[in-house]
Amino acid sequence: MARLLILGGTAEAAELAARLAGDDRLETVTSLAGLTRLPNVGAGRVRRGGFGGPDGLAAFLKEERYDALIDATHPFAAQIAAHAAEAAEIARVPRVKLVRPAFERTAEDRFVPVKDMEEAAAALPQGARAFLAAGRRELHPFAARPDLWCLVRMIEPPAAGETLPKGELILGRPPTDPETEAALFKTHAIEWIVSKDSGGRAGAKIEAARQLKLPVVLVERPAPPPGPTLPDVDTVVKWIDATLFQQQT
Ligand code: NAP
């Protein structure tokens, strides 16, 4: 049986694990950073926590005899992506990165491209009411702007003493339909959206911004490490089949 390690923490990683669960030629393990208490993992075995850098991941791949590595981490998880590329080379394990397409650009968009959350906070006008689609570790530049009113959505409640921007916190996963997002933005009189260019299902808020003609401060994604990339679960499933099984027939 071939052994496959999926670096996860995304909807695509969970979908891939679920798709591969019925394949009896494969034993699949999903690796999570361990930051989320109730992650969506799809199916199959799960391990949690960092590997201790590229050498740690390379040693893990060799010791546990993995045959292939799928980096299905988030497009903004640049460190683990770089480590995965280096580790796969050290361990001589085939690797592919699933890179979901960026948000589609349309004529109606009012995107303000920026390189990080510091620049995003600086791009908001004085006194703006903004919806922040930002991770908990990315909120500091907004908390440093008490003139802003920010609506923040988090999947899990903040830890005691965590710094939040002035405004309101809502708990929950993002909805997939733009209408629900648009209704939320209207209820809170949101004037600006701040988002990473995450792509994929995170698109509901971008579509809602389009509907409401709201400007979006869009943090551009880091380039993936050199090496093969694929855009979705379907193409990754085909890559796994071609890489692990077709050479043997
Ligand atoms: P990161 O900055 O690229 O990685 C930081 C460190 O966390 C890595 O060096 C690695 O530690 C560990 N790590 C990250 N992903 C891991 C995984 N799947 N399995 C085992 N260890 C992992 O990553 P991040 O931006 O903090 O994201 C952490 C996780 O959340 C990722 O799995 C990502 O898919 C998910 N996520 C991230 C975002 C985002 O916007 N960044 C959004 C949604 C989901 P060692 O060096 O010790 O191996």
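Which residue is the bridge partner of F131 in β8? I shall come to that after a few words on the model.

Colleagues, this is a predicted model, in which local features need pLDDT of at least 70 and side-chain atom pairs count only at pLDDT 80 or more, while totals for chains, interfaces and linings use all residues. Residues are numbered from 1 along each chain as its sequence is written, and side-chain values use heavy atoms, with hydrogens and water left out.

The protein chain has eight helices and 12 strands; these are DSSP runs numbered from the N terminus, helices being H or I of at least four residues and strands E of at least two. Its C-alpha trace spans about 60 × 40 × 30 Å along the principal axes.

Let me begin with the sheet that holds β8. It is open, with six strands in the order β6-β11-β10-β7-β8-β9 and parallel pairing, where two strands pair if DSSP finds at least two bridges between them. At the edges stand β6 (111-114) and β9 (167-171), each with a single partner strand, so one side of each has no neighbour in the sheet. Strands β7 (residues 129-133) and β8 (residues 149-154) run parallel and are joined by four bridges. Here is the answer to my opening question: F131 has L151 as its bridge partner in β8. Helix α6 (residues 178-187) packs on this sheet and touches β7, β8, β9 and β10 (192-196), its direction making about 145 degrees with that of β8. Contact here means heavy atoms within 4.5 Å; axes are lines fitted to C-alpha atoms, for helices over the stretch in contact, with angles from 0 to 180 degrees between N-to-C directions.

The other sheet to show is also open and parallel, with six strands ordered β3-β2-β1-β4-β5-β12. Its edges are β3 (45-48) and β12 (229-230), and each has a single partner strand, so one side of each is left without a neighbour in the sheet. Two bridges pair β5 (residues 95-98) with β12 in the parallel sense, and K97 stands opposite T229 in β12. Helix α2 (residues 53-63) lies across β1 (2-7), β3 and β4 (68-71), at about 155 degrees to β1.

Finally, the ligand. A ligand nitrogen is 2.7 Å from a side-chain N or O atom of S31, and a ligand oxygen is 2.8 Å from a side-chain N or O atom of Q79.

Note on methods:
Polar contact = N/O pair within 3.5 Å; in protein donor to acceptor, adjacent residues only side chain to side chain.
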